[in-house]
Each structure stands twice: as C-alpha cells, then as structure tokens.
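Here is a note for a colleague who is meeting this structure for the first time. Please read the numbered points with the sequence and the model side by side.

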Amino acid sequence: MSEKNCAFMSQSIRSVATAAMILALTRTMEDEATAKKMLAEQGYKFVVTEVGGKSLVGDFQEKTTKAVLGAALNSGIISKSPTNYHALLHAADEAKRGILINVASSCSLAVKIAIVRDASWIAVALFGESALHPLTNHERAGLGIMHLGSQDE
C-alpha cells in the first residue's frame with residue numbers, strides 16, 4: 001500500500017467501529033499489517049482471528065463466541081471482568097446477527113474477526129463468506145459496538 005493510500009486510510013479511521021471493519025476487510029497479510037500499523041499509531045488495541053463452521057444452531061455461534069473471547073483475553077484487549085465480558089459478548093452477538101441474517105440452516109461459513117477497542121468502546125467486526133455449495137459463495141459482514149463501562153484499564 002502506498003504512503004498516499006495509508007494517509008487516506010488513516011483519515012478514514014475515526015472510531016473503533018470503522019477500525020474493526022477495515023481490519024476485518026483485509027485480504028492479504030500485507031494489507032492486514034498496514035491496517036494494524038495505522039491502528040497502533042492511533043492508539044487502538046486490536047486482535048484478529050478467524051472462525052469457520054456450519055450455520056446450524058449453535059455451531060457457528062458457539063465457535064465465534066469462544067474465538068472472540070479467547071482472542072480478546074489472550075491478546076490483552078480486555079481483562080477478566082464482568083463489565084469487559086459483557087461489552088465484548090454483546091458486540092460479538094450484534095456482529096453475528098449481521099452475518100447470520102437470511103442464512104440457510106446448513107450453509108458453511110468462514111469469517112475473519114477483528115476486535116478493536118479504545119478506552120471506552122469495543123467493536124467486533126466479522127467479514128467472510130457463506131455458501132451451501134462452493135460454487136455459491138458470497139460475502140457477508142457484521143459489526144457490533146458496545147460501551148465498556150466506567151472502569152479503568
């Protein structure tokens with residue numbers, strides 16, 4: 001990515017929501033590294049992970065919840081507190097609704113998950129593909145944002 005593009009992108013990131021979505025939308029390791037550099041320069045905390053599974057009740061939802069919680073705790077995005085868990089899991093549930101709306105009950109899903117936070121807010125962005133058959137893949141996105149409460153971290 002050129003310096004001109006980096007300047008454009010850095011001006012586009014004005015909240016944890018846009019930061020998380022931009023990070024989730026990256027398709028190459030180079031683009032992901034560029035996005036991470038921009039977020040770090042702006043003082044955001046962030047982590048990226050991936051999850052896949054069937055849209056069957058429970059499978060994708062459970063895998064995504066575990067992946068989000070594990071990534072956020074292991075990277076230090078949040079600490080173990082009820083307020084942090086509550087905010088993170090609400091943001092993740094909101095993002096999952098965007099992915100799962102009008103999905104066939106047995107389709108396959110593969111998504112990239114970006115979690116971004118600042119001092120007050122946390123966002124979870126999901127971006128990936130769903131399909132009943134490999135020839136029918138199409139992209140899906142979901143975004144959830146939640147206030148972290150009044151605790152200091």
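Predicted model: local features only at pLDDT ≥ 70, side-chain atom pairs only at ≥ 80, totals over all residues.

Which residue of strand 3 does Ser 108 stand opposite? The residue is Ala 131, and the points below place this pairing within the chain as a whole.

1. Of the 153 residues in the chain, 41% are buried. Among contacts between residues at least 6 apart in sequence, 65% join residues at least 24 apart.

2. The four strands form an open sheet in the order 1-2-3-4, and their pairing is antiparallel. Strand 1, residues 45-54, and strand 4, residues 138-147, are the edge strands, each of which pairs on one side only. On average, and with direction ignored, neighbouring strands of this sheet are turned by 15° against each other.

3. **Strand 3 and its two neighbours.** Besides the pairing of Ser 108 with Ala 131, Val 116 has Ala 123 of strand 3 as its bridge partner. On the way to strand 4, a hairpin leads from strand 3 through six residues, and these two strands, also antiparallel, are joined by 10 bridges. Here Val 124 stands opposite Gly 144 of strand 4. Strand 3 is mostly covered, with nine of its 11 residues buried.

4. **Helices against the sheet.** Which strands does helix 3 lie across? Helix 3, residues 29-41, lies across strand 1 and strand 2, and it runs at about 140° to strand 1. Helix 4, residues 59-75, lies across strand 1, strand 2 and strand 3, at about 160° to strand 1.

5. Helix 3 has 13 residues and reaches 18 Å from its first C-alpha to its last, which is close to the 18 Å expected at 1.5 Å a residue. Its buried residues are Glu 32, Thr 34, Ala 35, Met 38 and Leu 39. Because these cover an arc of only 160° around the axis, they are on the same side of helix 3. On the other side, Met 29, Glu 30, Lys 37 and Glu 41 are exposed. Just after helix 3, Gly 43 takes a positive phi of about 85°.

6. **Glu 32.** Not counting residues up to four places away in sequence, Glu 32 touches Leu 23, Thr 26, Val 48 and Lys 112.

7. **The nonpolar cores.** The largest nonpolar core has 26 residues, and those with the most contacts inside it are Leu 88, Ile 113, Ile 115, Ile 122 and Val 124. Strand 1, helix 4, helix 5 (residues 82-100), strand 2 and strand 3 each supply at least two residues of this core. Leaving aside neighbours within four places in sequence, Leu 88 is in contact with Val 68, Leu 69, Ala 72, Ile 78, Ile 115, Ile 122 and Val 124. Apart from this core lies another, of 17 residues, and among them are Met 38, Leu 39, Val 116 and Phe 127. Two of these, Met 38 and Leu 39, are also among the buried residues of helix 3.

8. **Thr 83.** Thr 83 lies in helix 5 and counts as partly exposed, at 33% relative accessibility. How many residues apart along the chain are Thr 83 and Gly 149? The two are 66 residues apart along the chain, while their C-alpha atoms are separated by 6.6 Å.

How values were computed. Residues numbered from 1 in each chain as written. Heavy atoms only, no water. Pairing = 2+ DSSP bridges. Axes fitted to C-alpha atoms, helices over the stretch in contact; angles between N-to-C directions. Contact = heavy atoms within 4.5 Å. Core = buried A, V, L, I, M, F, W, Y, C linked by side-chain atoms within 4.5 Å. Buried < 20%, exposed > 50% of the residue type's maximum accessible area, 1.4 Å probe, protein only. Expected span 1.5 Å × (residues − 1). Arc of directions from axis to C-beta.
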